[in-house]
Amino acid sequence: MSEISNSKATVVEDCRGVLHVYNDGSIVRSSRPSFNVPINDDGTVLWKDVVFDTALDLQLRLYKPADDSAGSKLPIFIYIHGGGFCIGSRTWPNCQNYCFQLTSRLRAVVVAPDYRLAPENRLPDAIEDGFEALKWLQTQAVSDEPDPWLSHVADFSHVYISGDSAGGNIAHHLAARLGFGSPELDPVRVRGYVLLAPFFGGTIRTKSEAEGPKDAFLNLELIDRFWRLSIPIGETTDHPLVNPFGPYSQSLEAIDFDPILVVAGGSDLLKDRAEDYAKRLKEWGNKDIEYVEFEGQQHGFFTIYPNSEPSNKLMLIIKQFIEKHLGKV
């Protein structure tokens with residue numbers, strides 16, 4: 001719930017016009033999404049909302065192809081939305097439209113969970129909520145009466161975890177926690193991760209952060225604002241949840257990761273961090289790490305311009321990644 005600000009208070013933090021933090025500590029959230037686009041629901045994809053954490057009233061949105069009568073089980077593709085840990089929702093039109101596309105073009109059951117947002121709920125809350133969504137999926141896999149949406153069509157042994165921006169950060173921490181084969185989720189089996197422009201940070205600026213375009217969709221000012229509002233109070237952007245290679249982070253070298261596809265836009269200020277992430281994991285012996293960069297593209301290009309040529313190419317790359325680990329390629 002948003003708080004109501006004192007009429008004399010002034011805004012000290014503004015996140016895309018939908019989150020305002022005032023100097024008296026009050027927080028006001030708008031119900032209006034920052035992406036005011038029409039929802040492209042043509043009936044080819046069915047969807048519904050489910051509560052996955054009753055204590056916190058957290059919901060996820062399930063999607064499946066309307067023509068799933070063929071009887072074959074479909075892989076599960078988890079899509080965790082972005083928004084700097086501060087804004088965004090499974091209900092936002094840009095998120096829903098992208099999930100429609102993922103469902104129909106990947107021929108998958110898509111699961112899009114919400115998570116608690118900062119600054120009301122700072123890290124690691126969002127990451128814990130991502131894990132709880134996976135535990136809900138595990139509950140469905142072992143239940144005598146699972147949700148029929150899943151039981152008749154979903155293949156729990158072929159799960160892919162994808163995250164966009166802040167969601168990509170969450171996906172990384174889930175990958176590191178679960179390790180190869182995700183034994184903690186048995187019989188759910190994660191086969192791979194897709195990190196879309198993952199939101200990482202650090203106190204030392206990268207070249208792309210320092211020299212990137214000032215008018216970028218995700219500019220340096222907004223990056224810093226998101227971190228100010230989301231990291232634990234008193235911490236810096238070298239916190240392990242922000243900087244996976246920072247001075248206080250445990251080494252990832254010993255972790256045996258499932259396959260990971262890392263995607264970045266060439267004009268994204270976060271590009272260098274994404275590229276370095278993939279490079280380091282590969283150098284440490286995680287052989288199935290792929291890095292794909294889209295020249296000239298900015299942060300979140302695939303949801304902002306979902307029908308563009310680069311976005312269509314990315315969808316094909318994701319589809320090939322899934323098929324590779326389904327054993328089809």
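Two strands count as paired if DSSP finds at least two bridges between them. Helices (H or I, at least four residues) and strands (E, at least two) are DSSP runs, numbered from the N terminus. With that in hand, welcome to this structure, a predicted model in which local features need pLDDT of at least 70 and side-chain atom pairs count only at pLDDT 80 or more, while totals for chains, interfaces and linings use all residues. Residues are numbered from 1 along each chain as its sequence is written, and side-chain values use heavy atoms, with hydrogens and water left out.

**The three-stranded sheet**

Let us start with an open sheet of three strands, ordered E1-E2-E3 and paired antiparallel. Its edge strands, E1 (11–15) and E3 (27–29), each pair on one side only. From one strand to the next, the twist averages 15°. E1 and E2 (residues 19–22) are joined by four bridges, and Glu13 has Val21 in E2 as its bridge partner.

**The eight-stranded sheet**

Another open sheet has eight strands in the order E4-E5-E7-E6-E8-E9-E10-E11, with mixed pairing. Here the edges are E4 (45–53) and E11 (289–294), each pairing on one side only. The twist averages 20° from strand to strand. E8 (residues 154–164) and E9 (residues 190–196) run parallel over six bridges, with Asp164 opposite Leu196 in E9.

**Helices on the sheets**

Axes are lines fitted to C-alpha atoms, for helices over the stretch in contact, and angles run from 0 to 180 degrees between N-to-C directions.

| Helix | Strands touched | Angle |
|---|---|---|
| H4 (residues 166–178) | E6 (74–80), E8 and E9 | about 130° with E8 |
| H6 (residues 220–230) | E1 and E2 | about 110° with E1 |

**Two helices crossing**

The axes of H1 (residues 93–106) and H9 (residues 309–325) come within 10 Å and cross at roughly 50°. H1 and H9 are therefore oblique to each other; angles under 35 degrees count as roughly parallel, over 145 as roughly antiparallel, 65 to 115 as roughly perpendicular and the rest as oblique. Residues of H1 including Tyr98 and Leu102 meet residues of H9, among them Met315 and Ile318.

**A salt bridge**

A salt bridge is a side-chain nitrogen of Lys or Arg within 4 Å of a carboxyl oxygen of Asp or Glu. The whole structure has 23 of these salt bridges. Arg116 sits in the loop between E7 (109–113) and H2 (125–142) and Asp129 in H2, so the pair ties together parts 13 residues apart in sequence.

Key: Contact = heavy atoms within 4.5 Å.
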